[in-house]
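This report describes selected parts of one structure. Please look at the sequence and the model first.

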Amino acid sequence: MSIADVLDRLTQKGELYEALPDESVRCFACAHRCLIRPGRRGICQVRFNQAGELRVPFGYVAALQSDPIEKKPFSHVLPGSSALTFGMLGCDFHCGFCQNWYTSQTLRDPYADGSVDLIREITPAQMLAAARRTRASVVVSSYNEPLITSEWAAAIFKEVKSAGLKCAYVSNGNNTPEVMEYLRPYLDAYKVDLKSMNDRNYRKLGGVLQNVLDGIQRARQMGLWVEVVTLVIPGFNDSNEELWDAARFLAGLSRDIPWHVTAFHQDYKMTDRDNTDARTLQRAADIGREAGLHFVYAGNLPGRVGEYEDTFCPGCSKPVVRRSGYFVREYRITGQGTCPHCGSHIPGIWAGNLDNFLVNSRSR
């Protein structure tokens, strides 16, 4: 049995599509808005037309583990908490630097066909049980692109939201109004990878820059908590001009959007350039701060990026969360989400019970 046969069995009728008179379907899961003829697949390869019906991934995970929420990365969503993170197979982009290519490029790259061995059938109720077992406060869809498996994510989120847990996406931002309205009842937070401010670069990855910029703005307008990550890649998106463009765009939406600039390392098909050094990350973070962003973080080089691991109050500039990598060393935000020094509001999703937070943080 081929991997396509296995994946096609683990599907159900989709909800994010329009049926057309000639048995074609128009998919709304991502901004490609694929027109899929009978017997054909969308760009993501995992949503397909079966006799005029859109079949979509359902009932399995290909990755499931408990992570610190800081690893997603979210710095303003219940710091110090555990996030049960799941992923499926497939993606609507084909980034040459993808660190999760083994699952994201299934059915597109033959070298990823071995990902069939990662498949584990599971139910939403079992996902909730796993979240309770791992003492998760948040359940996150990540690893592959969650937009293209939104029906499955919604089924899981509906179950875990009823138990009081938060839900989040780690996404490329290539969304549509239809998929975001569909997810609105379940999502609390939405992290977007803003990969470049150059449309030519985006088209090489399989996307369109404007669709991603619109996707970030759409998530903000819906009231989701949004954080944005830019993987800074030498010779690809690390010029001052491009970093300024990204920072200005985000600050134009809201100075309160956290911007994470993270270090590239050689992976998948992009092995022809150096890994990103700490100096480059600090330069990018400096640009974000100079552009007016209140919360700028330099990630995945712990201990080498100075104060850019920490959260500072935008009112009095005193530190309210101190970190070392994925570990929270100090947490001073009140249960009301304010600075204990000056009373300024710190935007984000914070722990209501500080004592519980401190216990969980120390146990890690």
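Which strands and which helix do the buried residues of H3 pack against? They pack against strand S7 (60–61), strand S8 (63–68), strand S9 (82–87), strand S11 (138–141) and helix H4 (150–161).

## Basis

This is a predicted model, in which local features need pLDDT of at least 70 and side-chain atom pairs count only at pLDDT 80 or more, while totals for chains, interfaces and linings use all residues. Residues are numbered from 1 along each chain as its sequence is written, and side-chain values use heavy atoms, with hydrogens and water left out.

Helices (H or I, at least four residues) and strands (E, at least two) are DSSP runs, numbered from the N terminus.

## Helix H3

Helix H3 spans residues 124–133, and its buried residues are Pro124, Met127, Leu128, Ala130 and Ala131. They lie on the same side of H3 because they cover an arc of only 160° around the axis, taken from the directions from the helix axis to the C-beta atoms. The face turned away from the buried side carries the exposed residues Arg132 and Arg133. Buried means under 20% relative accessible area, exposed over 50%, and partly exposed in between (1.4 Å probe, protein chains only).

After H3 comes arginine 135, with a positive phi near 55°.

## Nonpolar core

The largest nonpolar core has 89 residues, of which Phe157, Tyr190 and Leu194 touch the most other members. H4 supplies the largest share of this core, seven residues. Such a core is a set of buried Ala, Val, Leu, Ile, Met, Phe, Trp, Tyr and Cys residues joined through side-chain atoms within 4.5 Å.

Leaving aside neighbours within four places in sequence, phenylalanine 157 has contacts (heavy atoms within 4.5 Å) that include Phe86, Val139, Tyr186 and Leu187.
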